[in-house]
Amino acid sequence: MANKYGYDAAAYDAALAALKAEVGALLPPQPMYTEAYLGRFLRARKLNVPKAKAMLVANLQWRKTNGADTVLSGPAPDPRMVQAHPHGFLGFGRNGCPVFIERTGKSALPLLLPHLSSDAVMHWKVYFQEQLQRLMREAHTEQCIAVMDMDGLSLKQATKQALDFYKLTGAVDEANYPEELNCVFVINASTIFTTLWKVVKHFFDEGVRSKVRILGRDYAAELHQAIAPEELPPFLGGTRQECPAWCGELSYLKQSGLGYTASGMTVVKIAAGSDYCFDASSPSGTLAWQFSCSRAPLRFSVRRDKSLVVAETRVEDGEIGCSGSLPAAVEVTYTLVWSNDSADSCTLSFRVFSDQAGPAGPAA
């Protein structure tokens, strides 16, 4: 007779007992290390006990190295991860599984990742996953439902760093949090997504790929079969009243609105045919700047009293690490100008500072 996992019940129970006998003495005394936890590794290795043991032993070492057992009692991850890459847990599926939602099409990871260390990214990943493990334990389930919203997705979001990010997170999940996906709904999928999927699908094993359901803009009926509308936010066709900030309007992408700060970098969106100006002075005698742009090229110049003091240069889409400086007396105010002459909006990430005395402030 088959069990709920689709395996012969007697064979599964025997393999689980054998695995428990092999690794029981190695397990820390935390409540999460149950038979259900062992079973996920056993299923990931198709009931092959030696392979499941090897996978579990490597997982225990990884958890120790990354502080997974205590991460939720420590500092929270960098808040910019949610601001620039909106995601979180919200509600439960009709089957009782917690629901994870990622607004992939609204992600600004290419702007943020250059300013995050690999340790900060891993801390976010571990913290996020341990939150999920706790939610699943509280819900008495071993799986979750994921919803990936591709509305707004652009090929320009698929930088090497962003793809490496997904490759890393997929590898962490596969090696250390196996068999936790019930299903994945990819919604508002366009031809851009199908193009990217040909690349990123190889970051995940066949078991994960088989659970992915790719839907277009007519996703509501199928999604609501798995998750009731009252559990979903309005942007997913739901009726949930109380939603976290990442479910609302993403203000960091507004034209002329200041966005998240990444290591002192301010992010603004410049509409097609518009300029963005920033007035600054420096107490140290030297004014410096760094910036990058994405989605469209920009022209950059520095002016003083409408006179050009730094000749205009063109900065291409995706160019990073643009920088410069000039002498600046305390009483002198310079205007940094970024001009977008293209037909598309452009995202600018910039920092203006003093070489010797820290960040330069906006002119009064």
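Predicted model: local features only at pLDDT ≥ 70, side-chain atom pairs only at ≥ 80, totals over all residues.
Residues are numbered from 1 along each chain as its sequence is written, and side-chain values use heavy atoms, with hydrogens and water left out.

**The whole protein**

- You'll find ten helices and 15 strands here; these are DSSP runs numbered from the N terminus (helices are H or I with at least four residues, strands are E with at least two).
- Of the 364 residues, 45% are buried, where buried means under 20% relative accessible area, exposed over 50%, and partly exposed in between (1.4 Å probe, protein chains only).
- The protein exposes about 17,500 Å², and carbon and sulfur atoms supply 54% of that; the areas come from the Shrake-Rupley method with a 1.4 Å probe, and for residues only the protein chains shown count as cover.
- Take the contacts (heavy atoms within 4.5 Å) between residues at least 6 apart in sequence: 76% of them join residues at least 24 apart.

**The four-strand sheet**

- This open sheet runs β8-β13-β10-β11 with antiparallel pairing, and two strands pair if DSSP finds at least two bridges between them.
- Its edges are β8 (275-280) and β11 (307-315), each of which pairs on one side only.
- From one strand to the next, the twist averages 15°; axes are lines fitted to C-alpha atoms, for helices over the stretch in contact, and angles run from 0 to 180 degrees between N-to-C directions.
- β10 (residues 298-304) pairs with β11 in the antiparallel sense over six bridges.
- Arg304 faces Ser307 in β11.
- The hairpin of β10 and β11 has two residues between the strands, and Asp305 takes a positive phi near 50° there.
- β10 also pairs with β13 (residues 334-339), antiparallel over five bridges, and Phe300 has Trp338 as its bridge partner in β13.

**The five-strand sheet**

- Here the order is β1-β2-β3-β4-β5, again an open sheet, with mixed pairing.
- β1 (87-92) and β5 (212-214) are the edge strands, and each pairs on one side only.
- Neighbouring strands are turned by 20° against each other on average, direction ignored.
- β3 (residues 144-149) and β4 run parallel and are joined by six bridges, with Ile145 opposite Cys183 in β4.
- Helix α6 (residues 118-138) lies across β1, β2 (98-102) and β3, running at about 5° to β1.

**Asn188**

- Asn188 sits in the loop between β4 (181-187) and α8 (191-200).
- Asn188 counts as buried because its relative accessible area is 8%.
- Its side chain makes a polar contact of 2.7 Å with the side chain of Asp149; such a contact is a pair of N or O atoms within 3.5 Å, and within protein one must be able to donate a hydrogen and the other to accept it, with residues adjacent in sequence counting only if both atoms are side-chain atoms.
- Leaving out residues up to four places away in sequence, Asn188 touches Asp149, Met150, Asp151, Leu215, Gly216, Arg217 and Tyr219.
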